[in-house]
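Please consult the sequence and the model shown below while reading.

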Amino acid sequence: MNGDSRHAQSRPRRGNGRTQGAAGAGTGAGRGRGAGPLPEPADLARVLEPVVRAAGMDLESVRVSPAGRRRLLKLVVDADGGVGLDAIAEVSREMSVRLDASGAMGEVPYTLEVSSPGVDRPLTEPRHWRRAQGRLVSAPLAVAGADGQGARRPPTMQGRILAAGDTSVTLDIDGDQVELDYAELGPGQVQVEFGRADAAGAEAGSMLDRARAGNGGGQDGH
């Protein structure tokens, strides 16, 4: 899993009255500006998931909100090994084409912003835990109680992910290997470790991506 949130570079695009967005690969319908109900995220996910799956990624979240006279569609995608800026830019273009063809965003101009998860993304699915393998995480116990040896468990488990399967995760907790079913855990949270080389690299990458994302200026890009 990436330790930072990456955004695609902004590039102007002509055609159908649309331009690339500043932070993602945004397009907006220029035909009408009448306000109306926001599209349902579930409906947008059904339109976009085939595109994301074809790119070898997972669509993690869909959020749409008003942004002045436009709408802002924010998508989070992820994949095993993480996703880079070039991959995000490519899938953003494909999603723009699918959205335009489907009319799912309606007649109001919109900006599409696509990013990868940051370290603050909660671990709620087996794939999230798998992609965080090797990272230090903490997670509350869904049900407090004793372990198999009768020892009282703390309300929050913290350890390094050694392995993550479909139903359980194995953590290194103070040198002991502890296997926990996902049903026993609440949402996990990756802990930022500033003293580790990979954490430092992730922080540097995050700063670079934020700088790149800010170069576009306004929502319509350049």
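From the N terminus on, the elements of the chain follow the order α-β-β-α-β-α-β-β-β-β-β-α, comprising four helices and eight strands. Helices (H or I, at least four residues) and strands (E, at least two) are DSSP runs, numbered from the N terminus. The model is predicted: local features need pLDDT of at least 70 and side-chain atom pairs count only at pLDDT 80 or more, while totals for chains, interfaces and linings use all residues. Residues are numbered from 1 along each chain as its sequence is written, and side-chain values use heavy atoms, with hydrogens and water left out.

**Chain as a whole**

- Buried residues (under 20% relative accessible area, with exposed meaning over 50% and partly exposed in between; 1.4 Å probe, protein chains only) make up 45% of the 222 residues in the chain.
- Of the contacts (heavy atoms within 4.5 Å) with a separation of 6 or more, 64% are between residues 24 or more positions apart.

**Packing of H1 and H2**

- Helix H1 (residues 41-54) packs with helix H2 (residues 85-102) at an angle of about 140 degrees, and their axes are 9 Å apart.
- The axes are lines fitted to C-alpha atoms, for helices over the stretch in contact, and angles run from 0 to 180 degrees between N-to-C directions.
- H1 and H2 are therefore oblique to each other; angles under 35 degrees count as roughly parallel, over 145 as roughly antiparallel, 65 to 115 as roughly perpendicular and the rest as oblique.
- On the H1 side, Leu44, Val47, Leu48, Pro50, Val51 and Val52 meet Val91, Glu94, Met95, Arg98, Leu99 and Ser102 of H2.

**Nonpolar cores**

- A nonpolar core is a set of buried Ala, Val, Leu, Ile, Met, Phe, Trp, Tyr and Cys residues joined through side-chain atoms within 4.5 Å.
- The largest nonpolar core has 22 residues, of which Leu59, Leu73, Leu75, Val77, Met95, Leu99 and Leu112 touch the most other members.
- Two or more residues of this core come from each of H1, strand E1 (58-67), strand E2 (70-78), H2 and strand E3 (110-115), and H1 gives the most, with five residues.
- Another core, of 16 residues, lies apart from it and includes Trp129, Leu141, Met157 and Leu171.
- Leaving out residues up to four places away in sequence, leucine 73 touches Leu44, Val62, Arg63, Val64, Leu99, Met105, Thr111, Leu112 and Glu113.

**Glutamate 49**

- Glutamate 49 is found in helix H1 and is partly exposed, with a relative accessible area of 34%.
- Glutamate 49 and glutamate 60 are 11 residues apart in sequence and 9.7 Å apart in space, C-alpha to C-alpha.
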